[in-house]
Amino acid sequence: MTTSAIDHDKLSRVIGRLGDAAIDPAAWRAIMDDLCRAAGATGAVLLQADIRTPDVPRTASMDEALQRYFGQSWHVSDPRARGVPRAMSGEVITDEDCVTPDEMRSDPMYNEVLRPFGLQWFAGIGFWAGSASWVLTLQRTSREGAFDMRDTRLLAQLAPRLTETATLSTAIGRVALHSMTNVLDRVRQPALVIDRAGRVLSRNEAADAGFDDEIRIRDRRLVVRDKLAMARIDRLIDAIRFTAEHHALSHEPILIRRMAKPPVALRVLPIDGAARNVFLGARAMLTLSNLVPRLPPEPNLIAQAFDVTPAEARLVSLLAGGLSVEQASERLRIARETARNHLKSVFSKTGTHRQAELISLVAQLM
């Protein structure tokens, strides 16, 4: 009796390491390399069953084939997709579950995507990440041979552990995302996190406070009235969609012009650590500078910085927050003449001559 091509001990060690990927999504590639060695396979790819994008974890051995697979849109006509319902019901699927021998010989996807890279046979292990269905695919060459029933029985051990890993990874990632945006909330920095399709996964209260008809979230997407800026945001989303998961994403700031308010600078920051996991799909944090007015510096900070009295510092803080001298005097419950005297004193101590000049100086503390 022949034995399976799969090394049971190596497979068990890989299964035991799956939890590492929940903490560090970058671990997927090394884990899948080891899985290939255990399964006698050349390559491995994680694919979402219903939404397929090229920025998915895979072994380096699959990079060129996947460039052609996605670049020429073979992912929309892959005949092996017929087996996905069976994979999600608990079976480990192979080519024989999806296509006939004649189809394998004649199908363009096999002939133009797989065989040019020496690939021939596959096995797919279905698992769940919340309500999303995923398939871990293993690819063998013609020399390595097809996956048989002995192989699929051993590979079936992966399914429940993959579901556990995806569930834990998603939970940890969401906590990490909220922590990232909440930290910026403390300094009133509007921020939101988008996934590979441009959908908003998380946003903070500072962002919500600044959204209006010109900049807002609609159907889970950032929408701006400025057409030029919107076109640049769309190009950003395209870049995210077609940049590999393990590649760094860089993008120039996007200026969003508004009709009656100052322009907003949208900047793109990378997502790292547990927040950047394939199941959440978080790919970038967007910060929106100048979306909401900044809080003026606290009076004690102004007093220390410019050597003014506490009363003068309180007045300057209100002026920096946008109030007029008259409004500030009413807020402080002092006479307007007293407020003007305070302002003259501050001009003298700071070497400024006009209120706008003073506010510009104080703004450096904001």
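The following legends describe close-up views of a predicted model.

**View 1. The largest nonpolar core.** This core comprises 35 residues, and those with the most contacts inside it are Leu136, Leu138, Leu155 and Leu158. Two or more residues each come from helix 1 (8-23), helix 2 (28-39), strand 1 (43-48), strand 3 (119-129), strand 4 (132-141), helix 7 (149-155) and helix 8 (158-185). Helix 2 contributes the most, with seven residues. In soluble globular proteins, nonpolar side chains tend to be buried together.

**View 2. The surroundings of Leu155.** Leaving aside residues up to four places away in sequence, Leu155 touches Ile6, Ala39, Val92, Ala123, Ile125, Leu138 and Phe147.

**View 3. The packing of helix 1 against helix 8.** The two helix axes come within 7 Å and cross at roughly 15 degrees. Angles under 35 degrees count as roughly parallel, and helix 1 and helix 8 are therefore roughly parallel to each other. Their crossing is right-handed. On helix 1 the contact is made by Leu11, Ile15, Leu18, Gly19, Ala21, Ala22 and Ile23. On helix 8 the contact residues are Leu158, Arg161, Leu162, Thr165, Leu168, Ser169 and Ile172.

**View 4. The hairpin of strand 7 and strand 8.** Strand 7 (residues 215-218) and strand 8 (residues 221-224) run antiparallel and are joined by four bridges. Ile217 stands opposite Leu222 of strand 8. Two residues lie between the strands of this hairpin, and Asp219 in the turn has a positive phi of about 55 degrees.

Note on methods: Residues numbered from 1 in each chain as written. Predicted model: local features only at pLDDT ≥ 70, side-chain atom pairs only at ≥ 80, totals over all residues. Heavy atoms only, no water. Pairing = 2+ DSSP bridges. Core = buried A, V, L, I, M, F, W, Y, C linked by side-chain atoms within 4.5 Å. Buried < 20%, exposed > 50% of the residue type's maximum accessible area, 1.4 Å probe, protein only. Contact = heavy atoms within 4.5 Å. Axes fitted to C-alpha atoms, helices over the stretch in contact; angles between N-to-C directions. Parallel < 35°, antiparallel > 145°, perpendicular 65-115°, else oblique. Left-handed = near helix turned anticlockwise from the far one by under 90°.
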